[in-house]
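Okay everyone, thanks for coming.

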Amino acid sequence: MARSQPRTSLLERWARFSHRRRGRVIGAWVAALVALIALSATFGGEYDSGFEMPGTESQDAIDMLEDRFPERAGSDGDLVFQAEGDGGVNNPAIRARIEQIIEDVRAVPDVTGVESPYENDGYVTEDGTIARGVIHFSAVGSDVPLSSVERLFEVVDDASTDGLRAEVGGDVVYWNEEPDFSSEWIGLLIAAFILLIAFGSVVAMGLPLGAALFGLGAGFSVIALGANVFNFPDFSPAFAAMIGLGVGIDYSLLVVTRYREGLHAGMSVEEAIVKAVTTSGRAVIFAGIVVTISFLGLWIMGLPFVGALGTAGAIVVLMAVLVALTLMPALLSLSGHRIDRWRVPFLHSTEGVDLNSGWYRLAKGIQRRPLPVFLGSTAVLLFLAIPILDMDLGFTDAGNQPESYHSRQAYDLQKEGFGPGFNAPLTEVLDLSDVPPDQREAAVNNAVETLRGVENVALVTPPVFNDSGDTAIISFLSGTSPQDNATDDLVHRVRDEAHPIIESSAGVEAMLTGGVAGNVDSGDRIIERMPYLFAGVIGLSFLLLMVVFRSVLVALKAAVMNLLSIGAAYGVIVAVFQWGWGADLIGVQEGPVETFIPMMMFAILFGLSMDYEVFLISRIREEYVAGNDNATAVAYGLTATARVITAAAAIMVAVFGSFILGADRIIKEFGVGLSVAILVDATIVRLFLVPATMELLGERNWWMPRWLDRILPHVNLEGTEAPRPPLGAPAGGK
């Protein structure tokens with residue numbers, strides 16, 4: 001009876017098809033990309049610059065103002081004047097110029113009104129040198145068009161002459177003043193250099209770069225089309241470029257590396273492609289799934305713009321996976337043996353397990369002393385993470401901006417003249433629709449007096465009613481700066497202590513909003529939901545890794561080590577941005593760590609760190625399934641993947657690290673945190689801690705309870721080939 005042939009996998013069939021029909025595959029991809037770009041140009045949606053927070057008190061207040069009091073539903077800005085001469089801002093000539101400036105500001109698009117410093121008590125300093133006006137905008141924060149903000153800059157710059165200085169600040173200016181900074185090309189150039197060193201061939205270098213750009217083009221187009229459904233933030237393309245460039249190069253790099261290994265081992269082009277797709281291709285699939293889970297987990301946070309941003313990241317990751325699995329095999333077939341053309345002298349050009357390489361010697365050295373390596377690596381990671389114990393989450397303000405910024409100069413002037421609290425305006429919104437008209441004024445006066453009696457309230461301005469009289473606004477100022485924890489306490493104190501007194505007037509509903517209140521609400525929401533994000537992402541990733549590697553301990557080890565890498569990155573951020581260690585070197589000042597930084601970094605880093613874990617462990621398991629014992633499999637797996645993981649991580653570090661060159665503090669935080677985490681993960685964790693741990697665990701690495709093995713689905717990550725003899729053993733056995 002004839003022996004049945006082993007059933008080929010879908011990936012193997014695709015690999016052979018893409019080799020034999022490479023022209024069709026490449027042509028289909030080019031046509032698809034052109035179609036996507038054309039569709040996105042024609043039907044692409046608009047990006048959203050808003051940061052809505054449904055279900056929070058500050059958002060409810062804004063929604064009500066948009067309905068009943070639209071001219072006061074937007075953000076407020078600061079218009080600050082300084083005059084040192086005789087009479088200061090009260091000098092008749094200076095006052096006339098200030099009033100003309102106010103009229104010019106009122107004429108700026110998206111400005112609904114301006115309060116003169118001469119209209120409100122307490123808006124001119126006692127010595128008359130500094131005065132403060134208030135600008136009312138039609139929209140909130142970055143929703144105000146940049147063109148309107150630039151027009152404001154022109155007005156104050158033109159007016160700042162002959163003894164009078166004018167500055168404009170506040171949330172609108174703060175969120176619109178950041179200069180455009182694109183690091184993608186810097187990262188791309190560095191990536192090309194790293195790939196050239198890693199491959200030693202110009203052709204091999206070009207394939208991952210080309211594939212990454214192809215995937216980015218398709219990803220951007222899909223995001224633009226998706227903007228008709230999702231409210232993608234306006235910085236989604238920049239975020240997607242940062243993520244897509246890194247993972248796009250990484251995934252294609254892994255496939256190209258395995259293809260070259262097959263060629264150098266004597267395989268034909270077709271068999272080398274099949275080998276690359278059915279091994280590294282599978283690793284790419286599961287690595288991409290983990291990253292996608294991390295990004296989509298951001299929807300748990302209950303902040304729509306954060307969830308939409310995670311969706312944008314997931315789109316470019318899935319595109320990178322699709323390109324690596326479908327387009328890359330056809331490109332490899334087209335290049336064939338020419339992939340090693342245009343070699344660079346003296347650079348490495350071979351792949352696979354080289355028993356004479358430094359990586360193999362490193363692996364064996366770790367296996368001879370696994371316990372000291374394990375303890376030393378863990379100690380370093382825990383040491384880097386120590387500053388987390390002192391992490392102060394909050395929101396920085398214009399006082400942390402570069403001194404050349406208008407928002408920073410306005411901030412400093414107000415702080416000098418009135419105290420830091422004038423940079424932390426708050427808005428009390430009163431719903432009076434259920435209050436009899438003849439009792440509304442008394443109810444509002446009660447609210448004003450109540451707010452004046454709250455600890456840390458520095459100034460309360462007279463109330464303003466809408467035309468129908470069913471809504472009132474009371475603006476008041478804190479005695480402390482926006483980023484001071486005492487200001488956050490004031491927000492909670494007003495809501496917990498003042499609102500019950502204000503609402504004791506029958507029918508009154510009080511809501512607190514403003515930039516500081518919005519920050520407090522978003523911070524509270526993030527802190528409340530963070531445990532769900534951690535549990536959801538870690539739990540799903542743990543289950544996926546158990547399915548892939550058929551091991552409880554490998555999955556558990558991966559989750560714990562990823563958290564150690566992320567913890568080290570958090571610690572470095574606290575040391576630099578909160579404690580100020582080395583802050584001058586990158587041009588930042590001490591301040592709290594933005595509340596959303598840990599959330600966003602976790603989603604990005606847990607997925608990307610898991611990439612390297614999947615790349616390494618999949619090769620170790622492949623060697624183990626091929627017949628090697630645990631120690632040999634670990635040594636061979638590390639030797640075969642160390643260089644590609646190091647190259648991939650170096651590219652990620654270059655891409656993320658280039659963001660440190662930007663002017664904005666938040667961008668610098670991401671740059672430092674992400675680059676440190678990837679560097680630590682690819683060196684301390686993957687090169688030392690993982691092999692040491694797997695050596696200590698021995699055969700227990702692959703432990704799986706039988707009952708669990710039965711209920712979990714089986715996924716073959718290693719392809720369809722039969723087990724092969726250990727490296728260096730005769731093909732026939734002993």
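So, going by the pairing rule, we get 14 aromatic pairs here. The rule takes rings of Phe, Tyr and Trp (its six-membered ring) and pairs them if their centres lie within 6.5 Å; planes under 30 degrees apart are stacked, over 60 edge-to-face, and the rest tilted. One of the pairs is Phe 230 with Trp 299, a tilted one at 6.1 Å centre to centre, with 45° between the planes. Before I go on: this is a predicted model, where local features need pLDDT of at least 70, side-chain atom pairs need 80 or more, and totals for chains, interfaces and linings use all residues. Residues count from 1 along each chain as its sequence is written, and side-chain values use heavy atoms, without hydrogens or water.

Where do Phe 230 and Trp 299 sit in the chain? Phe 230 is in the loop between helices H8 and H9, Trp 299 in the loop between H10 and H11, 69 residues apart. (Helices are DSSP runs of H or I, at least four residues; strands are E, at least two; numbering starts at the N terminus.) Phe 232 joins these two in a cluster linked by ring pairs.

Next, Phe 395 and Phe 596: their planes are at 45° and their centres 6.2 Å apart, so that pair is tilted. They're 201 residues apart, with Phe 596 in helix H20. Phe 230, at 30%, is partly exposed.

Conventions:
Buried means under 20% relative accessible area, exposed over 50%, partly exposed in between (1.4 Å probe, protein chains only).
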